[in-house]
Number of protein chains: 2
Amino acid sequence: MTIDNEAQPQGARPKISRATIRDVAMMAKVSVTTASRALNDTGRMTEHTRMRVRTAAEQLDYRPNPMARGLVQRRSFTLGLLTNDTYGRFTLPVAAGLSMAMMDRGVSVFLCAGENDPAREQLNLRAMEEKRVDGLVIAGKRIDRGLSIDLSSLDMPVVHVNAACPNGGVGFLPDDVGGAEMAVTHLIRLGRHSIAHVAGPRDFLAVLLREKGYFKALEKSGCEPFGEVIFGNWSEAHGFEAAHRLFAAHGPHPDAVFCGNDQIARGMIDAITIMGMRVPEDVAVVGFDNWEIFAAATRPALTSIDMGFHDLGKRAGFSLLSMIDGQSVERAVTKMPCRIVVRQSCGAT
Amino acid sequence: MTIDNEAQPQGARPKISRATIRDVAMMAKVSVTTASRALNDTGRMTEHTRMRVRTAAEQLDYRPNPMARGLVQRRSFTLGLLTNDTYGRFTLPVAAGLSMAMMDRGVSVFLCAGENDPAREQLNLRAMEEKRVDGLVIAGKRIDRGLSIDLSSLDMPVVHVNAACPNGGVGFLPDDVGGAEMAVTHLIRLGRHSIAHVAGPRDFLAVLLREKGYFKALEKSGCEPFGEVIFGNWSEAHGFEAAHRLFAAHGPHPDAVFCGNDQIARGMIDAITIMGMRVPEDVAVVGFDNWEIFAAATRPALTSIDMGFHDLGKRAGFSLLSMIDGQSVERAVTKMPCRIVVRQSCGAT
DNA sequence: CTGAAAGCGCTTACAG
DNA sequence: CTGAAAGCGCTTACAG
């Protein structure tokens, strides 16, 4: 701690102030310059000197003042995370992955929830500029929509996650095609051959991609699709109704259903059960999202595709750091692999 | 913009640097001191001088460097938000309310998702100390548990939201008693007199408080409770089973059910419907949480109690700012009122 | 009412 | 290998 804190400026908190690099230097009997270099592992010096400084820093519980450092390095070692997700279903995992990965590099993340309101998003953006964040992560709820803010005149690196990425931008998305393919291939491997697909709303790009993955998996194994893909809302009701269409009294039934999300799958399983059939024995079901609250609560528990938002946030962060460091980063959208989480509804166990 | 940027230090981004207060002062033909005062609305000066400075700042698109300011004022104008909520159900609304309210005061919020892991929480706390945040908001998932971190040796103001608050701490919680009372009173006003309560797990404090509110409302209007309170999981299955107990063939039925959360209510409504009764005509149902994904998707849509996390976050933030400013803040836990969101399941419309 | 100067706590050419 | 000095962009006693 600094001993001579006689001249505390007014606004200061009256507490004992932390040790500064000057204190460390004095204790280690070196110059501030050397102390700085020892602490940052730059420059050359005898191991002995470096050690002495390190020890002093430790003894004083020295923590470099990030504002002083930021001022001279022209970097704040902070990032902004802008999102239009009100609920956190997508954003919180992304934020968690991002901020944990950044923490190791001494970077922290400001969260800006725009509440889906363009005016607020604009204010958030402005606030991030004023805080001089080093870069920005834009996180969305769907891959075919961006936020409402105009980023064109923005003078800092930006990365898009789970949101539409403007041309020439850097983005990270879950691989919906691959995820769907994984789900359907899993069912095929388990011996199902007659697989229906109950999808979300047609105007979501993700829905078309998942449909594509469904067909791709079938094709690879020479299976025929079961009937037409049934599009509808992202709701249990849709799954419920679709079940009634698929398992109508007359005609053949599918032995498995790949659902566009977990809520649809939930409705599907409920309907199948009510109709007197068993999941997974009679019909195997796989969902998409791996939203615990649905997937784990369904009876039987739902096998589902996880989009790996945690990793998405992490990768986006690393990319952003590279851009901030001035390294050239491929201006492209990267699709990150999904992961299948096997529970009971697919009949794997 | 500074014209003479010959001497850019190495690590700097090569972009044109922003205008500094020196540029503003020069343009307005005043000293830096005066410029600072004009911009911060401190000190006395002719309106004309102040205006000249303001205009110059605007023309140069001047934004004060927060690191320089922070360095001298010994304040970072940032807060940390630590949470153990993995999913964001509670935290994101709190974070949104908090950060929006803070934005107006030039304060931004670092999000630290601890993923419910003590080691990570500790790291997050350390990171926030190193970033020199001015204060901390601790946000939890339940009101009778804190985070795992030890805050005792922490040298900064802390506020707890939706989490257990240590003795002598400052906290903000939803008023579970009041919320439950509101729900039940609402049912009574609608003419229901035979109201059952299907609650969550007994070991949650919130469950006991909501039970208390249930009894309080009944007492006030001289109603008798319908049977015993039925405790169980926070699940649809629990609501479903409880319905079967309440509406067994023999004996009288309740004409309304107050459920401990929206998932229970959801199961309740499903069961009632399957049993051939109508919601709300035969039985009115009210939930708790106002979790859109459940409340709005239920048929009929669920009337529910909203805990106002947004406001909780906002209030916590204002409190924290007061503490940071050295004002004395009452060391107590404040319960914030809940709000009833009327949809169809209660029969109000 | 206004300004020159010191200083916040660091990093980094520059010099030895 | 090490250090004295300048400077990052502000605020704020202190002096006039």
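A: Let's start in the loop between α2 and α3 (47–59) of chain B, where B:Asp41 is found. This is a predicted model, so please read every value here as computed from it. B:Asp41 is not a glycine, yet its phi is positive, at about 60°. Is B:Asp41 buried or exposed? With 8 other C-beta atoms within 10 Å, B:Asp41 is exposed, because the cut-off for that label is 12 or fewer.

α2 (32–40) and α4 (66–73) of chain A, along with α2 (32–40) and α4 (66–73) of chain B, each supply at least two residues of the surface near DNA strand D. By type, the residues near DNA strand D divide into twelve nonpolar, 15 polar and three charged.

Now turn to the other strand. DNA strand C is surrounded by 30 residues, the closest being A:Ile21, A:Ala68, B:Ser31, B:Arg44 and B:Met45. Here too, α2 and α4 of chain A together with α2 and α4 of chain B are the elements that give two or more residues. The surface near DNA strand C is made up of twelve nonpolar, 15 polar and three charged residues.

How are the two protein chains related? Chain B is superposed on chain A by a rotation of 180° with 0.0 Å of shift along its axis, and the RMSD is 0.0 Å. The two copies are thus related as by a two-fold rotation axis.

Next, the place where the chains meet. In chain B, 42 residues are in contact with 42 residues of chain A. On the chain B side, α4, α5 (91–103), β2 (108–113) and α6 (118–130) each supply at least two residues. Among these elements, α5(B) gives the most, with seven residues. The side of chain B that touches chain A divides into 19 nonpolar, ten polar and 13 charged residues. Of the interface residues of chain B, 100% are also interface residues in chain A, so the copies meet through the same surface.

Which residues of α4(B) are buried? They are B:Pro66, B:Met67, B:Gly70 and B:Leu71. These residues cover an arc of only 135° around the axis, which puts them on the same side of α4(B). The buried residues of α4(B) pack against α4 and α6 (118–130) of chain A. Just after α4(B), B:Arg74 takes a positive phi of about 55°.

Chain A has a residue with a backbone angle of the kind we started with. A:Asn116, which is not a glycine, has a positive phi of about 65°. A:Asn116 sits in the loop between β2 (108–113) and α6 of chain A. With 14 other C-beta atoms within 10 Å, A:Asn116 is partly exposed.

The domain assignment gives domain 1 (1–64), domain 2 (77–174 + 309–336) and domain 3 (176–308). The centres of domain 1 and domain 3 of chain A, taken over C-alpha atoms, are separated by 61 Å.

A:Ala265 is part of helix α10 (residues 262–274) of chain A, and it counts as buried because it has 29 C-beta neighbours inside 10 Å. Setting aside residues up to four places away in sequence, A:Ala265 touches A:Gly239, A:Cys259, A:Val285, A:Gly287 and A:Leu302. Between the C-alpha atoms of A:Ala265 and A:Ala56 there are 60 Å, and the two residues are 209 residues apart along the chain.

In chain A, one joins A:Val279 and A:Pro280, with omega about 10°; A:Pro280 has its place in the loop between α10 and β8 (284–288). In chain B, another joins B:Arg299 and B:Pro300, with omega about -10°, and B:Pro300 lies in the loop between α11 (292–295) and β9 (303–306).

Methods
Residues are numbered from 1 along each chain as its sequence is written. Chains are lettered from A and ligands numbered from 1 in the order in which they are written. This is a predicted model: local features need pLDDT of at least 70, side-chain atom pairs count only at pLDDT 80 or more; totals for chains, interfaces and linings use all residues. Helices (H or I, at least four residues) and strands (E, at least two) are DSSP runs, numbered from the N terminus. Ala, Val, Leu, Ile, Met, Phe, Trp, Tyr, Cys and Pro count as nonpolar, Asp, Glu, Lys and Arg as charged, and the others, Gly among them, as polar. A residue is buried if 20 or more other C-beta atoms lie within 10 Å of its own, exposed if 12 or fewer, and partly exposed in between; C-beta atoms are placed from the backbone. Two residues are in contact if their C-beta atoms, placed from the backbone, lie within 7 Å. Domain bounds come from an automatic or database domain assignment. Copies are superposed by least squares on the C-alpha atoms of residues with pLDDT of at least 70 in both. The arc is that of the directions from the helix axis to the C-beta atoms. A residue is near a molecule or strand if its C-beta atom, placed from the backbone, lies within 6 Å of it.
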